[in-house]
Amino acid sequence: MDKDLKRTFLKPALLSVGALIATLSIGVSQAQTYPNKPITLVAPYAAGGDSDFSGRNLAASVTKFIGQPVVVTNIPGASGTIGSQRVRTSAPDGYTLLVSRGGSQAITPALDSSTPYKWNDFTFITLLDFNPVVCIVKADSPYKTFTDLIGGIKANPGKLNYATAGPGTTQHLAVEVVLSQLNMPSTAAMMIPYKGAGEATTALLGGQVQFICNNLTTLVGQIKGGAVRALVTSTPSRLKDFPDVPTAREMGVSNLEQVMGWSGLYGPPGLPAEVVAKWQAVLKQVAVDPGWIRGNDTVGAIPAIRSPQETESFAKEQFELYSKLGTQLNLKK
């Protein structure tokens, strides 16, 4: 081939290779310097709820290990899907991450076909904590026990209201599971949706609803303070801090044990492996940090930091569980 002709063909190829090498070098450089600016954790429910707590508890601990401020931003609405979708469509650079929740990442995708993402449309980083479910009433409620509450629902079908953070959340499904096991229709008690678990609790305290089945992390302060009364817990054995609260199995609603709140840390799809590795390294420090552990203890959360692979496996199991429950309870849409 003529030398000039060779140069004509080879020059673009060489430029393309050079551009690729330059791009890869920039990517490696960015990964090596990550993070070099503040990181945003999106909590997809309102302030005062479980995602808000998990995000802030993590941020308070991890900031000192990761070398940059970690800031929690609440983006509530649509059962957590608005905030979740915001992260899913964010740049995969590690600076916008999601405080995932069982409701927004497993239950809603399993039950609602219009959910704008699938359960695995994210980069899995870790689980953070597990949250038992408790059903509560206001302290001055006429329903002193879980048996009393069920009796009230049976005697007044469709009259008692309960609060949730939206359809397809843990608060919603917990009640559906209880009603189903007791052979009562979904309409036996009426769901009132709010933007987040904190608002749902406020509604109970304000007398707008008669009961809630919610994660202990959101309610432990009100229970200990005497503002509300816990009637039943989803744990297999009685809670250490609340030994007088009977378990779901004791109350004949053992299926409630299947419903468990949890938080995790997800990134947008395509998050670089180096960024995930960085988080895995700092999460090992978080897992033994007294402040983070103490924060979980304060609200009755169970620490659950895991590998990305374990997190993905757990998330898949949760999605499949709620998909099955949704079919059994005719909740899918």
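Some ground rules come first. Because the model is predicted, local features need pLDDT of at least 70 and side-chain atom pairs count only at pLDDT 80 or more, while totals for chains, interfaces and linings use all residues. Residues are numbered from 1 along each chain as its sequence is written, and side-chain values use heavy atoms, with hydrogens and water left out.

**Overall picture**

The protein chain has 11 helices and 11 strands; these are DSSP runs numbered from the N terminus, with helices being H or I of at least four residues and strands being E of at least two. Its C-alpha atoms fill a box of roughly 95 × 45 × 30 Å, taken along the principal axes. Of the 333 residues, 52% count as buried. Here buried means under 20% relative accessible area, exposed means over 50%, and partly exposed is in between (1.4 Å probe, protein chains only). Among contacts (heavy atoms within 4.5 Å) between residues at least 6 apart in sequence, 78% join residues at least 24 apart.

In soluble globular proteins, nonpolar side chains tend to be buried together. A nonpolar core is taken as a set of buried Ala, Val, Leu, Ile, Met, Phe, Trp, Tyr and Cys residues joined through side-chain atoms within 4.5 Å. The largest one has 50 residues, and Ile153, Leu173, Phe211, Leu256 and Tyr322 touch the most other members. Helix α6 (residues 170-181) gives this core its largest share, six residues.

What does Tyr322 touch, once residues up to four places away in sequence are set aside? Its partners are Ala106, Ile107, Ala110, Leu111, Leu173, Gln258, Val259 and Met260.

There's also a second, separate core of 24 residues, with Ala43, Leu58, Val72 and Leu265 among them.

**Cavities and a pocket**

Rolling a probe the size of a water molecule over the atoms shows where empty space is left. On a 1 Å grid over the protein atoms alone, a cavity is a set of points where a 1.4 Å probe fits but cannot get out; a pocket is an open set with protein on both sides within 12 Å along at least five of seven lines; lining residues have an atom within 4 Å of a point. Grid points are joined across faces, edges and corners, and a volume is the space filled by probe spheres set on the points. A search of the whole structure turns up two cavities of 30 Å³ or more.

For the classes in the table, Ala, Val, Leu, Ile, Met, Phe, Trp, Tyr, Cys and Pro count as nonpolar, Asp, Glu, Lys and Arg as charged, and the others, Gly among them, as polar.

| Space | Volume | Lining by class |
|---|---|---|
| Largest cavity | about 100 Å³ | three nonpolar, seven polar, two charged residues |
| Second largest cavity | about 50 Å³ | 10 nonpolar, no polar, no charged residues |
| Largest pocket | about 230 Å³ | four nonpolar, six polar, three charged residues |

The largest cavity's lining includes Tyr45, Asp50, Arg101, Thr170, Ala197 and Asn215. Helices α2 (50-66), α4 (102-111) and α6 are the elements that give it two or more residues.

The second largest cavity is lined by Cys135, Phe146, Leu149, Ile150, Ile153, Val175, Val178, Leu179, Phe211 and Cys213. Which element gives the most to that lining? That's α5, with four residues. Ile153 and Phe211 turn up here and also among the core residues that touch the most other members.

As for the largest pocket, 13 residues line it, and the closest to its centre are Ser79, Asp112, Pro167, Gly168 and Lys333. Both α4 and α6 give two or more residues to this lining.

**The disulfide**

The structure holds one disulfide (a pair of cysteine sulfur atoms within 2.5 Å). It joins Cys135 to Cys213, S to S 2.0 Å, and the link is right-handed, with 105° about the S-S bond. Cys135 sits in strand β5 (residues 133-138) and Cys213 in strand β8 (residues 212-215), 78 residues apart. Cys135 is buried at 0% relative accessible area, and Cys213 is buried at 3%.

**A loop and a helix end**

Ala47 lies in the loop between β1 (39-43) and α2, and is exposed at 51% relative accessible area. Ala47 and Ala197 are 150 residues apart in sequence but 8.4 Å apart in space, C-alpha to C-alpha.

Helix α8 (residues 216-225) has Leu216, Thr217, Thr218, Leu219, Val220 and Ile223 as its buried residues. Just after α8, Gly226 takes a positive phi of about 85°.
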